[in-house]
Amino acid sequence: MATRLCSFQNQAIGGMIDNLLQSRGLHPISIYTSNVVVAGADLWYELKIPEEEEKIARKIVIEAGYENALAKT
């Protein structure tokens, strides 16, 4: 089963982290979500990861400098 790893409002950064995880042999699942807000629509790039890869994936995201984007555990 996949678990939510992190979310980004910037598609380019989300894609970069997705590619980084794949280059390390992991299997992220990319999901685009949008939430309608008063000022318009926000587009979020969310990454999920198989549960057995979560620990190493979290470490890679932290090493890349995106700790604030990680889902709370």
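Residues are numbered from 1 along each chain as its sequence is written, and side-chain values use heavy atoms, without hydrogens and water. Local features need pLDDT of at least 70 and side-chain atom pairs count only at pLDDT 80 or more, while totals for chains, interfaces and linings use all residues.

The mean pLDDT (the predictor's confidence in each residue, from 0 to 100) of the protein is 86, and 85% of its residues reach 70 or more. Confidence is lowest in strand E2 (residues 29–37), at a mean of 69, and highest in H2, at 96. Where pLDDT is low, the predicted coordinates should not be read in detail.

In H2, Glu54, Ala57, Arg58, Ile60 and Val61 are buried (under 20% relative accessible area; exposed is over 50%, partly exposed in between, with a 1.4 Å probe and protein chains only). These residues lie on the same side of H2, because they cover an arc of only 160 degrees around the axis. The face turned away from that side carries exposed Lys55 and Glu63.

The whole structure has one salt bridge (a side-chain nitrogen of Lys or Arg within 4 Å of a carboxyl oxygen of Asp or Glu). Glu46 and Arg4 meet in it at 3.4 Å, N to O.

| Residue | Relative accessible area | Class |
|---|---|---|
| Glu46 | 14% | buried |
| Arg4 | 39% | partly exposed |

Note on methods. Helices (H or I, at least four residues) and strands (E, at least two) are DSSP runs, numbered from the N terminus. The arc is that of the directions from the helix axis to the C-beta atoms.
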